[in-house]
Amino acid sequence: MSGTRRPAAPGADRASGASGGRPGRAGEEPGTAETGGAGGTGAPAFAPDSIVLNRKLPLWYQVSQSLRASVLGRAPDAPLRLPTEERLAEHYGVSVLTMRQALGELEEEGLISRHRRRGTFIEPGALAGAPVRLLGSVDTIVAQQSGMTSRLLGHGPGPVPATYADHFPGLAEVATYHRLRHDERTGEPTNHARNYVRPDVARRIDPADLERLPMTKVLRDGAGARIGRITDTVQARLADPETARLLGVPLLSPILHYTGITHDEAGRVLDVAVIQYRGDRFSFTVTLEAQ
């Protein structure tokens with residue numbers, strides 16, 4: 001995440017295609033945060049930190065992360081009520097539409113709550129340990145997955161795993177693909193992956209493509225899926241018997257357990273990828289640049 005830093009100005013996101021809109025997705029009305037509205041007390045609103053916007057990153061994302069840091073780093077006696085969307089948009093130099101999108105991220109994370117006619121409030125029990133969301137592109141994911149040869153160990157329909165049932169509401173079966181990947185230079189196994197794909201999408205996948213291409217690229221370019229976002233989670237775990245056998249490592253040796261949830265533009269889950277990486281052969285690096 002890099003790029004030059006430029007001071008934000010009112011309406012600074014017009015060039016990115018965002019524009020102002022009607023107040024309050026949740027029914028906030030102008031002035032409710034400062035005057036108390038129908039249920040307020042007239043107490044002062046929380047004052048978030050300022051931010052210098054980077055024009056190479058989406059503005060809603062930068063605003064959401066800045067406001068998130070302000071909320072989690074607030075003083076114990078700081079007000080819990082946020083200013084109106086209009087006041088916040090003016091503070092950050094963005095449109096109301098962009099501000100609304102940023103607030104939606106924090107609401108989804110459980111850091112704030114929004115109440116019709118009362119305003120937006122910081123949740124008192126918001127945890128400082130909530131996960132940070134780092135923004136990237138689908139091309140970044142494809143690049144990270146490339147550079148390894150794969151062997152398709154098996155594929156076919158199967159029941160939706162109970163662990164991921166919430167991602168596939170109304171479906172009894174998904175298409176499952178199991179692959180073992182090797183380093184192209186050394187031939188050593190690096191990870192094994194299972195993908196659980198919606199049947200209607202899987203019908204457009206050529207299994208032979210998975211021998212040479214990452215699943216994300218196959219979904220996008222082969223199956224024609226319109227990918228909206230991918231959520232990645234990486235955890236440290238110990239190798240189970242199957243993983244130890246496939247990756248050629250001792251039982252209970254450290255591995256990286258990756259879960260990637262791919263959504264389409266409507267928010268529907270297309271694919272759940274579960275990948276076990278050898279801990280001694282793989283690492284994830286994120287670089288954050290200030291300027």
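Select His257 and Gln276 to begin: His257 stands opposite Gln276 in strand E8. Helices (H or I, at least four residues) and strands (E, at least two) are DSSP runs, numbered from the N terminus. The model is predicted, so local features need pLDDT of at least 70 and side-chain atom pairs count only at pLDDT 80 or more, whereas totals for chains, interfaces and linings use all residues. Residues are numbered from 1 along each chain as its sequence is written, and side-chain values use heavy atoms, with hydrogens and water left out.

**The sheet around E8**

Four residues separate E7 and E8 in a hairpin, and Gly267 in its turn has a positive phi of about 90°.

Next, select strand E5 (residues 189-197), which runs antiparallel to E8 and is joined to it by seven bridges. Asn191 has Tyr277 in E8 as its bridge partner.

How many of the residues of strand E8 are buried? Ten of the ten residues, 269-278, are buried, so E8 is largely enclosed by the rest of the structure. Buried means under 20% relative accessible area, exposed over 50%, and partly exposed in between (1.4 Å probe, protein chains only).

Now display the whole sheet: six strands form an open, antiparallel arrangement in the order E3-E4-E5-E8-E7-E6. Strand E3 (148-159) and strand E6 (227-238) are at the edges with a single partner strand each, so one side of each has no neighbour in the sheet. From one strand to the next, the twist averages 15°.

**Two buried threonines**

Select Thr243, in helix H8 (residues 241-247). Thr243 has a relative accessible area of 0% and is therefore buried. Leaving aside neighbours within four places in sequence, Thr243 is in contact (heavy atoms within 4.5 Å) with His192, Gly248, Val249, Ile255 and Gln276.

Proceed to helix H7 (residues 215-222), where Thr216 is found. H7 lies across strand E4 (173-183), E5, E6, E7 and E8, and runs at about 165° to E6. Such angles run from 0 to 180 degrees between N-to-C directions, with axes being lines fitted to C-alpha atoms, for helices over the stretch in contact. Thr216 counts as buried at 5% relative accessibility. Beyond its neighbours within four places in sequence, Thr216 is in contact with Val138, Ile141, Val142, Gln145, Ile227 and Ile230.

**Helix H3 and the cores**

Select Glu85, Leu88, Ala89 and Tyr92, which are buried in H3. Viewed down the axis of H3, its buried residues fall within an arc of 100° (taken from the directions from the helix axis to the C-beta atoms), so they line one face of the helix. These buried residues pack against H2, H4 and strand E1 (112-115). Gly93 follows H3 and has a positive phi, near 75°.

Finally, select Val63, Leu67, Tyr92, Val94, Met99 and Leu103, the residues with the most contacts inside the largest nonpolar core, which has 21 residues. A nonpolar core is a set of buried Ala, Val, Leu, Ile, Met, Phe, Trp, Tyr and Cys residues joined through side-chain atoms within 4.5 Å. Helix H2 (59-72), helix H3 (85-92) and helix H4 (96-109) each supply at least two residues of this core, and H4 gives the most, with five residues. Apart from this core lies another, of 17 residues, among them Leu210, Ala223, Ile227 and Leu270.

Conventions: Two strands pair if DSSP finds at least two bridges between them.
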